[in-house]
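Please look over the notes below with the model open.

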Amino acid sequence: MAILNRQNLTAGFSSKISVQTPNSAVFDYPEKVLQFGTGVLLRGLCDFFIDKANRAGQFKGRVVVVKSTDRPGADAFTEQDGLFTHCIKGIEDGVAIEETVINASISRTITAATAWNEILACAASSDMQVIISNTTEVGIQYHANDPIDGGCPKSFPAKLLAFLYARWQHFNGTSESGMVIIPTELIINNGDVLKEIVLKLAADHQLPAAFVAWLQDANHFCNSLVDRIVPGTPDAATSAAICADLGYEDKNLIISEVYRLWAIQGGAKVREVLSFAKADAGVVIADDIEIYRELKLRLLNGTHTLMCGMSFLLGFRLVKDVMANGYLSKLVMNLMLSELALAIPYKMDFKVADRFGRSVLDRFRNPFINHKLIDITVQYTTKMRMRNIPLLVQYYQEFGKAPELFAMGFAAYLQFMHAVKEENGKYYGDANGELYPINCDYAAHFYEAWKDFDLKKVLADTSLWGADLSALHGFEAAVQKYI
């Protein structure tokens, strides 16, 4: 079976299903976007919007993808000339939708560790306008004095600073050379946080005051929020079945739901640069995106975080299978609508939260999406702290008692983090005799904590939660019941 690439695309494939293919003009569009991350969310949402706009002749720009981790994946992009198939399946306004699109938004993929000079060369391009990132919640962190010269910096913020500094030098600090920078990592005010870190690093390296002024005035660091369920790479059997219908092999194939939202905080200049927003109502550019962030972060992501460990330990592996179970489906609904929705730390009409929550439950039930619970547990502790602890604190402020289902989900999280094996720096838990990976930066911490487990001590650890959870009356007892 032929592989998906530009040459074979031109020759044509014999597909059993309808596939939307790119027009030849797209391959001549200039590179306008630098994207840090090869993940499925960026490809299934951000690159989806760019590709759709290119098809409509509204953006006319392509994406240079920076592979910033050691995980494999970039070689397949090179082999396929950046092309990948996007299968979109779900329910929209009560209508079942299935679309298959060959996305041609990506021009090339560069590995930062081995080709850093190629990335810096992009800084000298007058066509470059936008920087997008998704380096997970732990990617946007300050590492003091992270070197920005003499090779590829270690952290993403330092990489970004090095790129911007090279651009400032090349264009002599013109205001026109500023970039629109949109982090999509799921942290509060992600654009503001990233900007603050970049400025701190600039101070560390004693960069010129003129550069710092350009950094602040000519560049737009946009807070943003992304919302689309794009599971990890489909399993071998699913991929093989889809490729058989497509008539070609695609190592980069992804599947997503129909629902999509990319909320970006910005004004007129941001709207002008992000002209791809005109192609799809799923891109929202507004002065205030807080309501979108809170609803998505707390009800979709927060519910995922509290349900995934519990469901996995009970033997489930996919979100849709959890929702097909009558007892667990009701439990998830009550957790979301009777506890989390009541504790969102943002003033809004409860009807808005309830309506959004019920739409999320429908998305969880999407029979076309194989969303793996184990994927949701990646960086479990950071997600729990960022997504759910503010809800717990707010719930206490509102009701003065422990939220029962929250406590159950939190207890399951602690159980999931109970590693029984360490091998080459990697940690594994045990679910009914089956070992599973604990892909969390705090795995080693809990490996030690579980040797002589003290729940009160864990709850009181402000370095984990940013608050003393043992001081919340009744929460320790509520969690203890389920451990």
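**Notes on the predicted model**

1. Start with the second largest pocket. Strand S3 (84–92), helix H10 (290–313) and H13 each supply at least two residues of its lining. H13 gives the most to this lining, with 4 residues. Keep in mind throughout that this is a predicted model.

2. The second largest pocket holds about 540 Å³ of space. Its lining counts 22 residues, and those closest to the centre are Ile91, Glu92, Tyr259, Ser359 and Arg363. By class, the lining of the second largest pocket splits into 10 nonpolar, 5 polar and 7 charged residues.

3. Besides being among the residues closest to the centre of the second largest pocket, Arg363 makes a salt bridge with Glu257. The closest N and O atoms of that pair are 2.5 Å apart. The bridge ties together distant parts of the chain: Arg363 sits in helix H13 (residues 350–364), while Glu257 is in the loop between strand S10 (254–256) and strand S11 (261–265), 106 residues away. Are these two partners buried or exposed? Both Glu257 and Arg363 are buried.

4. The loop between S10 and S11 carries another charged partner. Arg260 forms a salt bridge with Asp280, with 3.3 Å between the closest N and O atoms. Here too the pair links distant parts of the chain, 20 residues apart: Arg260 lies in the loop between S10 and S11, and Asp280 in the loop between helix H9 (268–273) and strand S12 (283–286). The two ends differ in cover. Arg260 has 21% relative accessibility, so Arg260 counts as partly exposed. Asp280 has 5%, so Asp280 counts as buried. The cut-off for buried is under 20%.

5. Salt bridges can also chain together. Those that share partners join Glu290, Arg293, Glu294 and Arg298 into one network. For the overall tally, the structure holds 17 salt bridges.

6. Now turn to the strands. Arg108 pairs with Glu31 in a salt bridge whose closest N and O atoms are 2.8 Å apart. Arg108 belongs to strand S5 (residues 106–111) and Glu31 to strand S1 (residues 31–36); the pair links distant parts of the chain, 77 residues apart. Arg108 is classed as partly exposed because its relative accessibility is 30%. Glu31 is also partly exposed, because its value is 21%. As background, side chains of opposite charge can pair when their charged atoms come close.

7. On the surface, check the nonpolar patch. Leu342, Phe350 and Phe399 form it, with about 250 Å² of accessible area together. Leu342 is placed in the loop between helix H12 (326–340) and H13. With a relative accessible area of 35%, Leu342 is partly exposed.

8. Last, a loop position. Where does Ile148 lie? Ile148 is in the loop between strand S6 (130–133) and helix H5 (156–170). Its relative accessibility is 14%, so Ile148 counts as buried. Ala202 is 54 residues from Ile148 along the chain, and their C-alpha atoms are separated by 9.6 Å.

Conventions: Residues numbered from 1 in each chain as written. Predicted model: local features only at pLDDT ≥ 70, side-chain atom pairs only at ≥ 80, totals over all residues. Heavy atoms only, no water. Salt bridge = Lys/Arg side-chain N within 4 Å of Asp/Glu carboxyl O. Buried < 20%, exposed > 50% of the residue type's maximum accessible area, 1.4 Å probe, protein only. 1 Å grid on protein atoms, 1.4 Å probe; cavity = no way out; pocket = protein on both sides within 12 Å on 5 of 7 lines; lining within 4 Å. Points joined across faces, edges and corners; volume = space filled by probe spheres on them. Nonpolar A, V, L, I, M, F, W, Y, C, P; charged D, E, K, R; others polar. Patch = residues over 30% accessible without salt bridge, like charges linked within 9 Å, V, L, I, M, F, W, Y side chains within 5 Å. Areas by Shrake-Rupley, 256 points an atom, 1.4 Å probe, with all protein chains shown as cover.
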